[in-house]
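User: I am new to this structure. Please show me how to read its features, a few at a time.

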Amino acid sequence: MLDKIDKVIKDVIKGKIVIIVDDELAESGGVFFMASELATKENTNYMMKYGTGFTYISLPEEKTETITLSQTNHFSKQSISDTYDLSVDYINAGTGITAEDRTLTIKKILEEQMNYNNFKTPGHVFIMKSANGGVLKKAGNAEAASDLASISGYYPSGVISEILNEDGEVANAEQIFQFALKENIKVVTIETIISYRREKDCYVFQEAEANLPTEYGEFRMVGFVNKLNGEHHVALVHGTIDVNDEVLVRVHSECLTGDAFHSLKCDCGEQLAAALMNIEKEGKGVLLYLRQEGRGIGLINKIKAYKLQEQGMDTEEANIALGFPADMRDYGIGAQILSELNIRKIRLMTNNPKKIIGLKGHGIEIIERVPLIMDTNIYNKRYFETKKEKMGHLY
Ligand SMILES: [Zn+2]
């Protein structure tokens, strides 16, 4: 029922109307959408006919200010909701009510030199402020509309209208999909727009850097911050890396119990050690340490999952019982960090074919998949070396 985002974007570029829904169940209905830049009298009319009759335009925060500034002064700030702003008509748009007048108002709103002096309120085009950061910040209709216009190559503004069913009620998911099929209109979820943007837009940045001597050799430790949620991740870089190098890379998800405590419930600690040793042996390479404990569910939930496992569940069942997908690890972050480190070609150390698929499509080419063979001797060797060192201290 849902369409692939590239097909949706193609239709947006053609000037066709598409439908945005919250998710596949679309309890709260859906909206018609067109890029504001491509608004036509015909499409505006179509939306008025099959929608609520209200025409909304999503605008970036600064643009909303420009268009509504003086008008808002006439109202108490409380009367203007966070998202919905005023309704306006272009001052020379006649009565403002017809599809033609509304389209003119839309076009005029987009013009750079236009400001609040060029519009009157109340009018027939309702302004919806879309939050800076778009759907990555807020999964609302205004943000989805601005982002869909933007990723299609247009000014971040969309014209939207809620969809009604034949009885004049807000259309539910089934009715929307039936209607879309009949009218040959593409349907996209806000969720899809979010994941598209998450993949395309860089939201990690390098924040700190220092040398880190380890028992596996010398590394440069580079700290990254996820702008969206403040998470910290780290890359351990060994040797000098050129953009054309086929870099040996390990993407390791944080596992406190395995990495630090050498828990026997998993082999994460051994994998980490083996990866660092391989990188050292190779002479250059990168270990990405993604701090997404317990496959993204967090430490406390991981402990809870362990408790469920004690009661007989396997990892996957335990995560599902806690209400989490079986594996929430987000490798988009890893791809972004590699990209920031100027790495384009990688030889990925992994035993999981899924990870390779997950990393594709981020501008990172996977040249080779290097199985991470865990030699228990490696683990033991390190263990004994450490022990020897410690004993050396003792004696
Ligand atoms: Zn582990």
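**Strands, helices and single residues**

Analyst: Strands (E, at least two residues) and helices (H or I, at least four) are DSSP runs, numbered from the N terminus. The model is a predicted one, in which local features need pLDDT of at least 70, side-chain atom pairs count only at pLDDT 80 or more, and totals for chains, interfaces and linings use all residues. Residue numbers start from 1 along each chain as its sequence is written.

User: How many bridges join strand 11 to strand 12, and do the two run parallel or antiparallel?

Analyst: Strands of a sheet pair through backbone hydrogen bonds, in either a parallel or an antiparallel sense. For two strands to count as paired, DSSP must find at least two bridges between them. Here strand 11 and strand 12 run parallel and are joined by 5 bridges. Strand 11 also runs parallel to strand 13, with 4 bridges, and Leu-248 stands opposite Arg-347 in strand 13.

User: In what order do the 7 strands of the open sheet lie?

Analyst: The order is 8-9-10-12-11-13-14, and the pairing is mixed. Strand 8 (204–214) and strand 14 (365–370) are at the edges; each has a single partner strand, so one side of each has no neighbour in the sheet. From one strand to the next the twist averages 25 degrees. For such angles, axes are lines fitted to C-alpha atoms, for helices over the stretch in contact, and the angle between N-to-C directions runs from 0 to 180 degrees.

User: Where is the antiparallel part of the pairing?

Analyst: Strand 10 (residues 232–238) pairs with strand 12 (residues 285–290) in the antiparallel sense, over 5 bridges. Ala-235 stands opposite Leu-288 of strand 12. Helix 9 (residues 268–282) packs on the sheet, where it touches strand 8, strand 9 (217–226), strand 10, strand 11 (246–253), strand 12 and strand 13 (345–349). The direction of helix 9 makes about 165 degrees with that of strand 11. Contact is defined by C-beta atoms, placed from the backbone, that lie within 7 Å of each other.

User: How many residues of strand 11 and of strand 14 are buried?

Analyst: A residue is buried if 20 or more other C-beta atoms lie within 10 Å of its own, exposed if 12 or fewer do, and partly exposed in between, with C-beta atoms placed from the backbone. By that rule strand 11 is mostly covered, with 7 of its 8 residues buried. Strand 14 is hardly covered: the count of buried residues among its 6 residues is 0. Strand 14 pairs with strand 13 in the parallel sense over 5 bridges, and Lys-345 stands opposite Glu-365 in strand 14.

User: Is helix 5 (residues 141–151) enclosed or open?

Analyst: Of its 11 residues, 9 are buried, so helix 5 is largely enclosed by the rest of the structure. Among the buried ones are Asn-141, Glu-143, Asp-147 and Leu-148. Just after helix 5, Gly-153 has a positive phi of about 100 degrees.

User: At what angle do helix 2 and helix 4 pack?

Analyst: Two packed helices are described by the angle between their axes and the distance between those axes. Helix 2 (residues 41–50) packs against helix 4 at about 115 degrees, with the axes 8 Å apart. That makes the two roughly perpendicular; the classes are roughly parallel under 35 degrees, roughly antiparallel over 145, roughly perpendicular from 65 to 115, and oblique for the rest. In this contact, Lys-41, Thr-44, Asn-45 and Met-48 of helix 2 meet Ala-99, Glu-100, Arg-102 and Thr-103 of helix 4.

User: Which residues other than glycine have a positive phi?

Analyst: Among them is Asn-184, with phi near 55 degrees, in the loop between helix 6 (173–183) and strand 7 (187–189). It counts as exposed because it has 8 C-beta neighbours inside 10 Å. Asn-342 has a positive phi of about 70 degrees and lies in the loop between helix 13 (331–340) and strand 13. Asn-342 is also exposed, with 11 other C-beta atoms within 10 Å.

User: Where is there a cis peptide bond?

Analyst: One joins Thr-121 and Pro-122, with omega about -5 degrees. Pro-122 lies in strand 5 (residues 119–130).

Terms used:
Contact = placed C-beta atoms within 7 Å.
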